[in-house]
Amino acid sequence: MLVNVPGPWSPLLGRLALSEIPYKNLILAPLFVVIVLVAIALIAGITYYGKWRYLWKEWFTTVDHKKLGIMYIILGLVMLFRGFIDGLMIRTQQALAVGPGNNGMKAMGAIHGYLTPFHFGQIYSAHGLIMILLAATPLLVGIMNIIVPLQIGARDMAYPYLNALGFWITAAAVFLIMISLFVGDFSHNGWFGYAPIFEMAYSPGVGVDYWIWTLELIALGTTLGSINFLATVVKMRAPGMTWGRLPVFTWSAVTANIIALTSFPCLQVALALVAADRYLGTHFFTAGFGGNLMLYTNLFWLWGHPEVYFVIIPAFGMLSEIIPAFSEKPIFGYTAMVLATFAIGGVSWIVWLHHFFTMGMGPYVSTEFSIATMLVGIPTGVKVFNWAATMYRGRLSFSAAMTWAIGALFLLLIGGLSGMMLSIPAINYMVHNSVFVVAHFHMMLLCIVYAVFGAVIFWFPKIYGFKLNEAWAKIMFWLFSGGTFLVFFPMFMLGFMGETRRLDWPFNPQWAPWFDVQEVGIFVYVLSVLAFVWMLYVSIRDRSQNRVHSADAWGTSRSLEWLTDTPVPFYNFAMVPHINARDEVAWRREHGFLESNPDHFKAIHMPNNTPMALYIGATTFVLGFALTWRIWWLSIAALVLSVLLMIFRSNRGDPGYVISAREMEELDRESKAHMQEKPALPLPQGGFAGGTATAYSPLPHNNSPSGGTPPSSGQAL
Amino acid sequence: MSHGHSNPIHHPEVQMASRRNYLTGFVIASLLMFAATWLVSAQALAPFGLLLAIMGCAGFAVIAQVYFLLHIDISEHNIWNTVALVMFIPLFVITIGLTWWMFSQLYLRTMPMIPGMPGMH
Amino acid sequence: MHSEETVDPSQVILWSDDYEGHDPISTRTFGFWMYVLSDGMLFATLFAAYGVLSYSHSYYTGPTPAQFVAPWYTFIQTMALFLSVLAYGFAMTALKNGNKAGVINAIIAAMVLGGVFIGLDIHDVLRMIRIGATPETSGGLSAFYALTQVHAAHIFVGLLWMLVMLYQILRQGFSEDVVGRLLSLRMFWQFQAVMWVFIYVFVYLWGYMS
Ligand code: HEM
Ligand SMILES: [Cu+2]
């Protein structure tokens, strides 16, 4: 049954050997040293400040949707940075290697540029996988995690523990792909993989295996998350929160998670079958023996296209929250907006073949998929016009969040129109697999990134109690847009000039000027990254000036998350609100109810923290690693252990704890007092105690809002 | 969450269990599967008719199971399950149907098919 | 547009006084049902793969289902599974009356019958291997095995889960968690029978026919 691997294998260590560690590589070895040093510094720092207990109690074992959301976002930002470095390396390679002749750096063993083709292949494969699945997806899931329960008036997600499990499995995927940098190598087949190159005969290394198990873990984590979101919205809405009053962002979260729930199983199957081919010697995707190469491409894009809508629809939702708030108008065409979101979600299921029009299945099939693809343009157009109409005659304020949102609209326009071009088979045959396609989907994915930055700036004060620095956020915006323009617009030209994607050696000297433009662009991006870091620093430093003293940070916000205290206390709402209108906060503001607080309280029930999700996440990481290296005993041990942990947790259950009405009243009073306290606390300049910065840090004691610690007096059930 | 304090046995989803329904579902599905097996092993019909017949058996058996066993109906407690199922069914059909269509068209153009050979198209 | 309506502040309800929170049991079963459906998607994808890989050329030079499928044997397997699902249904009717012994006995019966199903499956796989119909033979056989054995793996997980539930019933009685899990397991188990109908008819019987 088991496929024989080329090269050494031992029962104890599988394919793992010291020689698999690329300590001679001139890029990886120094990077490894840097990462180890940073890790040591971090660990030392945490130990020095005695923060381990705090991290463990407040973050690693948390089941609070806000904290998990924050961790998702941090994970996403870190991976966005890693993916960005990959992008920088890709751009630099092409800029150096372009043109005829043998211009490579000998020291690196490269004939062209500074990277060997194999290394270059790993970089673009990791780049694509990371950016879509480990940067964009966690960022979006993180924001949904924080905002969706708040927008529907729930205390938490439907399954807080499952939420933590989804996060830790995603984190396991991140660790797996990061470790592939230093132990063995990563796949060089592109982020989506090509059959039959990923078969054992052509890719005998462990790279493809890393790729398989990373993707499987992400798929698992995301599916669990999507179930949670859907159950939350269906079952946990506050009284009065009818479907017709659901905020548009929540609607988009519903659509996106329906897409995720229905499509991720396809990915799991596609990759499991690749794994079967590589591990068990089956013939699903082999050339010959009755296998079918294109079946893989089909199954992958069966998930792949819905997936791209899974990532863009929450971004649409974010735009739908930011634009009304800064136009001081309700969203134009709420019903049309919701229906359009669902239409996009529905159509996204019947277009996947446009990723392989060139397969050659003839005109009938191509026509169907071409027309279906074009249909997406209709609801998308509806949305764009609705956003425009929301702004029309609104009282616009171009805050940083709004600036990012408007930028996103421009990218959506360009990306969407280039997508329309690609959806015409006759054009597609010309530019398929060229960098024109790369330009198209980067416009789309950057639209998401813009929306995410807008959303982070928009919702940041809700979570931390102070605003991010507007000026630096805008500087970052302009730098980032400059980078976007310089890097990706040349790709449209280069695509028409015949540059295929993923070239480690772009041989045509006529492309060279555009590569230089792109190289300049990527350094403008570098500046924007610096601006981002500086923005964070300045904002945290000046947080006492930028404190928010009311529930509604912007004064013009509309939906329910702006009703509860700032920063959001761990119980979300002291009393579950009763919803009277779509845009509840705007309604209360207009009728003068914004200041009315509940006058009595009820006991509430909250879940306990648990390390079990972290443990199970860790076993899935070990499982992925052991399978990659074919260490069978370890794979079985990790699998058995994870099942045992699940059974153990299931047997124990979680009784949760209760906060009595009296305690609730006390907590609410404290939280409100904190929020309204006008004179800024004497805060240390720069740096922050407490490990997390809120407007009030350093916190006087653990029970304060957003501390998330169950109050010690909360009795167990 | 005061529901937690009432006896979970009285929950409507527990109370909807029904011996009669389960037996009915079982009997219908078993009979249909028996019929399909018999039709196929006795080659009782011409291939195309046979195919239609066993597809019919499968379809009705599944409907019986979904209705009698899984309680998929529009009562207050099951409506969301039904909504979810209704959302999924078209996707099942799309996944299998469009894939099958695209590859049958592809094979038409790329595979030398010898007439009369066993195959699923 | 809201400001045009007149609102009487004394009539407005701002906080939900008598909101009892969500219903934990149906929240759990609804989420689990969504998982079950996504599991259905997993089977649908496998069926799509099987559809592409069950042409005559997919079997390469190896045997085709017409040569190795034994309809009546698999029919017995079908009955074992259906009976197991029925037994689990009786566990549910016993649960309705709070009859602990009834629930336990019915679950044990369901486990035995599920075990029979798996036993027959393993026996069948061994027979196929003996006649040279292994998953490595051809793409068609790979797809055949994928569908049938993924289903068998689900049955195995179900049996394991029943074992855990027996333990939990004995330990905790019919607590809210246990009842919720029993209901979820019901959906899981019945759904495996639904999937089996498709597998039996479209993979075994149709394969045997063509
Ligand atoms: C108006 C809507 C859209 C249309 C008509 C459209 C059309 C297309 C077409 C036809 C292709 C295939 C090009 C080729 O490989 O020859 C493509 C590729 C792609 N699109 Fe879109 N698209 C749209 C929206 C989106 C969105 C919203 C996203 C993501 C958020 C996206 C992401 C991608 C990606 C990632 C690829 C290429 C994947 C790869 O080959 O690596 N597209 N698009
Ligand atoms: Cu697409």
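Figure 1. Of the 121 residues in chain B, 44% are buried. This model is predicted. Chain B contains four helices and zero strands, and its pattern along the sequence reads α-α-α-α. Among contacts in chain B between residues at least 6 apart in sequence, 49% connect residues at least 24 apart.

**Figure 2. Asn78(B) in a loop of chain B.** Asn78(B) sits in the loop between helix H3 (47-69) and helix H4 (79-110) of chain B. The relative accessibility of Asn78(B) is 4%, so Asn78(B) counts as buried. Leaving aside residues up to four places away in sequence, Asn78(B) touches Met16(B), His71(B) and Asp73(B).

**Figure 3. The copper ion (ligand 2) and its histidine donors.** Three residues coordinate the copper ion (ligand 2): His305(A) through ND1, His354(A) through NE2 and His355(A) through NE2, at 1.8 to 2.0 Å. Along the chain, the donors of this copper ion have the spacing H-x48-H-H. His354(A) has a relative accessible area of 14% and is buried, whereas His355(A), with 23%, is partly exposed. The iron atom of ligand 1 lies 4.4 Å from the copper ion (ligand 2).

**Figure 4. The iron atom of ligand 1 and His440(A).** The iron atom of ligand 1 has His440(A) as its only protein donor, through NE2 at 2.2 Å. His440(A) belongs to helix H14 (residues 435-464) of chain A. The view also takes in the copper ion (ligand 2), with 4.4 Å between the two metals.

**Figure 5. The interface of chain C and chain B.** Chain C contributes 61 residues to this contact, and chain B contributes 61 residues. About 5,800 Å² is buried between the two chains, with 77% of that area on carbon and sulfur atoms. Tyr55(C), Lys96(C) and Met209(C) supply 12% of the area that chain C buries against chain B, more than any other three residues. On the side of chain C that touches chain B, the elements giving two or more residues are H1, helix H3 (71-96) and H6 of chain C. H6(C) gives the most to this side, with 18 residues. By residue type, this side of chain C divides into 39 nonpolar, 17 polar and five charged residues.

**Figure 6. The interface of chain C and chain A.** Here 48 residues of chain C meet 56 residues of chain A. The two chains bury about 4,300 Å² between them, and 68% of this area is on carbon and sulfur atoms. The interface of chain C and chain A has zero salt bridges and 18 residue pairs in polar contact (both at pLDDT 80 or more). Helix H1 (24-52), helix H5 (139-172) and helix H6 (176-209) of chain C are the elements that give two or more residues to the side touching chain A. The largest share of that side, 14 residues, comes from H1(C). The residues of chain C on this side are 23 nonpolar, 18 polar and seven charged.

**Figure 7. Two salt bridges between buried residues of chain A.** Over all chains, the count of salt bridges comes to 15. In one of them, Lys66(A) pairs with Asp64(A), and the closest N and O atoms are 3.2 Å apart. Lys66(A) is buried, at 6% relative accessible area, and Asp64(A) is buried as well, at 11%. Arg82(A) forms a salt bridge with Asp86(A), where the closest N and O atoms are 3.4 Å apart. Arg82(A) and Asp86(A) are four residues apart in helix H3 (residues 65-97) of chain A, so about one helical turn separates them. Arg82(A) counts as buried at 12% relative accessibility, and Asp86(A) counts as buried at 5%.

Figure 8. Arg395(A) forms a salt bridge with Glu328(A), with the closest N and O atoms 2.7 Å apart. This pair links distant parts of the chain, 67 residues apart: Arg395(A) is in the loop between helix H11 (377-391) and helix H12 (400-422), and Glu328(A) is in the loop between helix H8 (293-327) and helix H9 (334-347) of chain A. Arg395(A) is exposed, with a relative accessible area of 61%, while Glu328(A) is partly exposed, with 35%. Elsewhere, a network of salt bridges links Asp209(A), Arg278(A) and Arg630(A).

Methods:
Residues are numbered from 1 along each chain as its sequence is written. Chains are lettered from A and ligands numbered from 1 in the order in which they are written. This is a predicted model: local features need pLDDT of at least 70, side-chain atom pairs count only at pLDDT 80 or more; totals for chains, interfaces and linings use all residues. Side-chain values use heavy atoms; hydrogens and water are left out. Contact means heavy atoms within 4.5 Å. Buried area is the accessible area (1.4 Å probe) that two parts lose on being put together, summed over both. A salt bridge is a side-chain nitrogen of Lys or Arg within 4 Å of a carboxyl oxygen of Asp or Glu. A polar contact is a pair of N or O atoms within 3.5 Å; within protein, one must be able to donate a hydrogen and the other to accept it, and residues adjacent in sequence count only if both atoms are side-chain atoms. Ala, Val, Leu, Ile, Met, Phe, Trp, Tyr, Cys and Pro count as nonpolar, Asp, Glu, Lys and Arg as charged, and the others, Gly among them, as polar. Buried means under 20% relative accessible area, exposed over 50%, partly exposed in between (1.4 Å probe, protein chains only). Donors are N, O and S atoms within 2.8 Å of the metal (3.2 Å for Na, K and Ca); water is not among the atoms, so sites may look incomplete.
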